[in-house]
Amino acid sequence: MSEHSELWKSQKWKKLRQNLFRLQRRIYKAVQAGDWRKARSLQKLIMKSRSAQLLAVRQVTQLNQGKRTAGIDGKESLNYQERIELVEQLNHYGHTWVHSGLREVPIPKKNGKIRILKIPTIADRAWQCLVKYALEPAHETNFHARSYGFRTGRSAHDAQKYVFEHLNSTKKGITKRVIELDIKKCFDRISHESIMDRLLAPAQIKIGVFKCLKAGICPEFPEQGTPQGGVVSPLKRQHRT
């Protein structure tokens with residue numbers, strides 16, 4: 001156990017993040033230039049990147065807010081040896097990943113209804129995080145400049161600042177309006193076909209994401225819905241904006 005502990009603690013996380021960011025920046029530039037072949041090649045490289053694999057496991061086991069949330073296997077945390085073993089699993093089976101089922105957790109809503117949160121296992125969350133590293137830079141080139149939801153480096157505060165600056169008197173704010181829209185059962189009714197058509201990724205990643213979608217389907221609507229609770233779920237929702 002101490003051997004694995006030392007191996008994990010000795011990782012230079014800042015250096016690993018820099019390695020990953022360099023690959024992501026190359027993907028962004030390739031998509032911007034319309035070089036899809038290069039972009040897909042770089043996405044595959046991220047899936048095989050030791051830096052990305054280590055960071056993905058660290059993200060879901062140590063950094064994420066829901067890091068101690070158990071999936072269907074009941075496992076709430078991983079020790080150092082299990083983290084290293086999970087990194088090896090991502091390395092060997094990243095392109096052929098098989099998703100486990102999802103643990104369903106009912107969440108009461110303000111209107112009295114129930115929202116079902118579907119929680120993947122820690123291993124599945126690590127795979128989703130790895131895939132997210134590969135997908136995000138490709139899709140950042142296509143997202144709207146004023147889209148703030150679920151994006152890396154952006155927050156609700158950025159949206160508030162933009163609204164505030166354009167509603168003040170110097171910008172003729174009195175003539176402007178803020179419109180709030182809520183699409184009924186938006187995430188429960190997202191078309192799987194629509195998501196897959198918009199996904200910028202090589203075939204192997206697409207197959208994995210498709211399996212991820214199917215792991216949380218509603219029997220009543222098998223071709224619709226994205227499970228809320230996975231690491232990659234926010235990126236899939238971003239396609240709606």
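This is a predicted model: local features need pLDDT of at least 70, side-chain atom pairs count only at pLDDT 80 or more; totals for chains, interfaces and linings use all residues.
Reader: How far apart in space are Arg58 and Val87, C-alpha to C-alpha?
Author: In sequence, Arg58 and Val87 are 29 residues apart. From C-alpha to C-alpha, the distance between them is 9.6 Å.

Reader: Where do the buried residues of helix 2 fall, seen down the axis of the helix?
Author: Helix 2 has 20 residues and reaches 28 Å from its first C-alpha to its last, close to the 28 Å expected at 1.5 Å a residue. Its buried residues are Trp13, Leu16, Leu20, Leu23, Gln24, Ile27, Ala30 and Val31. Seen down the axis, the buried residues of helix 2 fall within an arc of 120°, so they line one face of the helix.

Reader: What do the buried residues of helix 2 pack against, and which exposed residues does the face turned away from the buried side carry?
Author: The buried residues of helix 2 pack against helix 1 (2-9), helix 3, helix 4 and helix 6. On the face turned away from this buried side, the exposed residues are Lys14, Lys29 and Gln32.

Reader: Which residue takes a positive phi just after helix 2?
Author: The phi in question is about 80°. Just after helix 2, the residue with this positive phi is Gly34.

Reader: Why do the buried residues of helix 3 line one face of the helix?
Author: Helix 3 (residues 36-48) has 13 residues and spans 19 Å between its first and last C-alpha, close to the 18 Å expected at 1.5 Å a residue. Buried in this helix are Ala39, Leu42, Gln43, Ile46 and Met47. Seen down the axis of helix 3, they fall within an arc of 150°, so they line one face.

Reader: What covers the buried residues of helix 3?
Author: The buried residues in question are Ala39, Leu42, Gln43, Ile46 and Met47. Their cover includes helix 2 (13-32), helix 4 (50-63), helix 5 (80-93), helix 6 (122-140) and helix 9.

Reader: Which helix gives the largest share of the lining of the second largest pocket?
Author: The second largest pocket holds about 1,100 Å³ of space. Of the 34 residues that line it, the closest to its centre are Gln59, Asn64, Lys132, Glu136 and Val231. Helix 2, helix 4, strand 2 (114-119), helix 6 and helix 10 each supply at least two residues of the lining. The largest share, 7 residues, comes from helix 6.

Reader: How many residues in the lining of the second largest pocket are nonpolar?
Author: Divided by class, the lining has 10 charged and 10 polar residues. The nonpolar residues of the lining number 14.

Reader: Is Lys9 buried or exposed?
Author: Lys9 lies in helix 1, and its C-alpha is 9.0 Å from that of Tyr80, 71 residues apart along the chain. The relative accessibility of Lys9 is 55%, so Lys9 counts as exposed.

Reader: Is Thr226 buried or exposed?
Author: Thr226 is found in the loop between helix 9 (203-214) and helix 10 (233-238). Its C-alpha is separated by 7.9 Å from that of His192, 34 residues apart along the chain. At 5% relative accessibility, Thr226 counts as buried.

Methods. Residues are numbered from 1 along each chain as its sequence is written. Side-chain values use heavy atoms; hydrogens and water are left out. Helices (H or I, at least four residues) and strands (E, at least two) are DSSP runs, numbered from the N terminus. Buried means under 20% relative accessible area, exposed over 50%, partly exposed in between (1.4 Å probe, protein chains only). The expected span of a helix is 1.5 Å times one less than its number of residues. The arc is that of the directions from the helix axis to the C-beta atoms. Contact means heavy atoms within 4.5 Å. On a 1 Å grid over the protein atoms alone, a cavity is a set of points where a 1.4 Å probe fits but cannot get out, and a pocket is an open set with protein on both sides within 12 Å along at least five of seven lines; lining residues have an atom within 4 Å of a point. Grid points are joined across faces, edges and corners, and a volume is the space filled by probe spheres set on the points. Ala, Val, Leu, Ile, Met, Phe, Trp, Tyr, Cys and Pro count as nonpolar, Asp, Glu, Lys and Arg as charged, and the others, Gly among them, as polar.
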